[in-house]
Amino acid sequence: MASGKYSRVDGRRSSWRYCSTVTIMVFVALCIVGVWMMTTSSMLRFQNTDVSAESENKLKIHTTDSNSENNDDDDNHDNSSNGVGGSDELTDDGKSNQFEDNRGNLTENVSKGDTARNSNQEEKNEISEDNETDTKEKKEDKSKGSSKDENTEDGSENESENGDDGKSQMAKKATETIEMESNADDLTKESEKNSNEKNDGKRESQIDGSVVINKDEELDQDSFVKDKSVELLPSGSESEILDESSTQNGSFLTQATESANENEAQKSSQSENQNVYSWKLCNTTSGPDFIPCLDNWAVIRKLPSTKHYEHRERHCPDNPPTCLVPVPEGYQPPIEWPTSREKIWYHNVPHTKLVEIKGHQNWVKVSGEYLIFPGGGTQFKHGALHYIDFIQESVPDIAWGNHSRVVLDVGCGVASFGGYLFEKDVLTMSLAPKDEHEAQVQFALERGIPAISAVMGTKRLPYPGRVFDVVHCARCRVPWHIEGGKLLLELNRLLRPGGFFVWSATPIYQKLPDDIGIWEAMKKLTKAMCWEVVSISKDEVNRVGLAVYRKPTSNECYEQRSQNDPPLCQNSDDPNAAWNVPLKSCMHKVPVALSDRGSQWPEQWPARAEKTPYWLLTSQVGAYGKPAPEDFVDDNEHWKRVVNKSYLNGLGIKWSSVRNVMDMRAIYGGFAAALRELNLWVMNIVSIDAPDTLPIIYERGLFGIYHDWCESFSTYPRSYDLLHADHIFSKIKARCNIMALVSEVNRILRPEGNIIVRDTVKIISELENIFKSMRWDIRMTYSKNEEGMLCAQKTMWRPKDEETVKYAIA
């Protein structure tokens, strides 16, 4: 195009210089060409002038703030005019828009291209001389100005034509600028769109720490961020409640230290966990019902005897599984309580053996896609509520829900007894062996009733001594009278002094030879154990008999016996020792000193939930290092504040769908106590290597169990809606395989169930990566100093590859 211009100008000069010698036809032809070119130039000039004016106006709008506030910095000017790096952008209405971030704007390379050069060109013709530029820019302008002057030597003769061409060039550059800005706007919108899509489910905010909250229908993020009542982690003196070994020096860390620690933790976590999460499905005989410590067939096959139900006891593998248990085909989120007490989804627990065996006793029936539970049992075919009321009528002192709060139901069946005791404010630990009656404990848990897979065999049950207010057995098929009454003596260990043993069985009311023999043996045994016969009665509705015994509150009867049989246990025998401890055929003395636990009955429910146990002494050091009573109060207040200010409103958990809850590291049971107004129950776990605080939990009218988290828990898969893990992962990682614990968490948590983890920042970061590898939804992460918190939701995802667990193949 340039060469054409110069050839046209040269041609015109030649025509004027040699016109006298050129023929008229050539002259006419040149004139015609000249007229045509002038006409074309005029049309282009008119069009380009409009475009140039529009471009100039738009460029002025983008550069106003830059010229007035940042005129000493050409880079800032360029970035501001392109919407990058500047804090404000003026719209056509003259209003300023504030940007929260620049992730959707143009990059530095895009903003510094031809736009800057076009702006310099515009400055020569349009921008006011009051706008200052740096020395280098002025030199460049002068150089460009000299070049322009040279190109327009014949200004007087060619002013019109060169002016038109100059404006044409400016219009072309302005057009390019507009096109570039249009493309920039498109890129910005596209980038913002991608950024919004990428972060559709995620939002970052600051609440005295660093928190990332995932979008959820149940979580109002804006109110969560603004609500000052929300408190995720405690501050000040409250922070020591997070860990027994924590100490506070009262000083504040600098931002540099906090950031350096966090970066180091993330780097360490990434280096440890990179490319190590490869999940497979567990291939076992039990399939979706796999319980590692109860399905260890490699050990079960080698047992010398099963006479004492040894095959139903725990036999944990040396290396816990790290595979994921499959989900039953057709699985659905469980029906919510209290409807779940009457019916559950058939495909969630697709077993019908109990329907065939116990259907006539109203245990369970099939109805379409549901399993129906009429509320009956072997001893209460006409419903558990009538049976419960009958016990109350027979023994008024039992006072369900006031005097008697915590119950152990041995041989629970589908746990309808415990399920209906909730209406009386009674908490029942239902217990039965796995597969003795197919899936009975699994049915109970699916219904939302507390239950555990265990058997009274050769070892003590994993509960402390003197903690249950009532022990119940309705045709539980336990031979209480054999081998010196060893199994009944285990109940004596668990029963609180003054507590009741409720026994409903055929020996009480039938006259068959076997029944008569058992009844006579039981009368002799209970008398030797100094149990008082409170009531022997018959239920005319269910046509069954009921015997109720009461454990003594003093040692007088023991001392007055003519024979020491069953013998008293030695003073060195600890009644609270229960983890893998063999059964003993002896009785522990009843504590009588006012300061001894068990010498007094707890406060009536619900006062006992908040009352500091009388036997906690200031001379005792609590789990957190303070005097025990003070420790208890601090823990109680801490969890009330955390639950009310954080868990109930700040995590987006739908609490109406939460029924079965486990506190994996319970300490004093403060977390469970803080939730007691909700329609749920909490299984409190006290680790075997932690301070033995489980008796305190029972004293409060709550319940729990001892456990070693280096092993599998004795429950079916998909048992719990919510797991609470307060500093348990860091403690387990110090002595066993954390990946096995993660697999166990995945096993016992229901799909769509949640886990709340409180631990060190390093552990939280590691767990976040692990949970993501299992396709869990990370609902929220939070960190403050060295402490962190994470809330995640399990999904239905399962890997396709399988891993055969050899010891679990029958």
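Leaving aside residues up to four places away in sequence, Ser-537 touches Phe-390, Ser-394, Val-544, Gly-545 and Leu-546, where contact means heavy atoms within 4.5 Å. The model is predicted, so local features need pLDDT of at least 70 and side-chain atom pairs count only at pLDDT 80 or more, while totals for chains, interfaces and linings use all residues. Residues are numbered from 1 along each chain as its sequence is written, and side-chain values use heavy atoms, with hydrogens and water left out.

Ser-537 sits in strand E14, residues 532-539 (strands, E, are DSSP runs of at least two residues and helices, H or I, of at least four, numbered from the N terminus).

On to the cavities. A cavity is a set of points on a 1 Å grid over the protein atoms alone where a 1.4 Å probe fits but cannot get out, and lining residues have an atom within 4 Å of a point. Grid points are joined across faces, edges and corners, and a volume is the space filled by probe spheres set on the points. There are 10 cavities of 30 Å³ or more. The largest has a volume of about 310 Å³, and its lining takes its largest share, three residues, from E18.

Note on methods
On a 1 Å grid over the protein atoms alone, a cavity is a set of points where a 1.4 Å probe fits but cannot get out, and a pocket is an open set with protein on both sides within 12 Å along at least five of seven lines; lining residues have an atom within 4 Å of a point.
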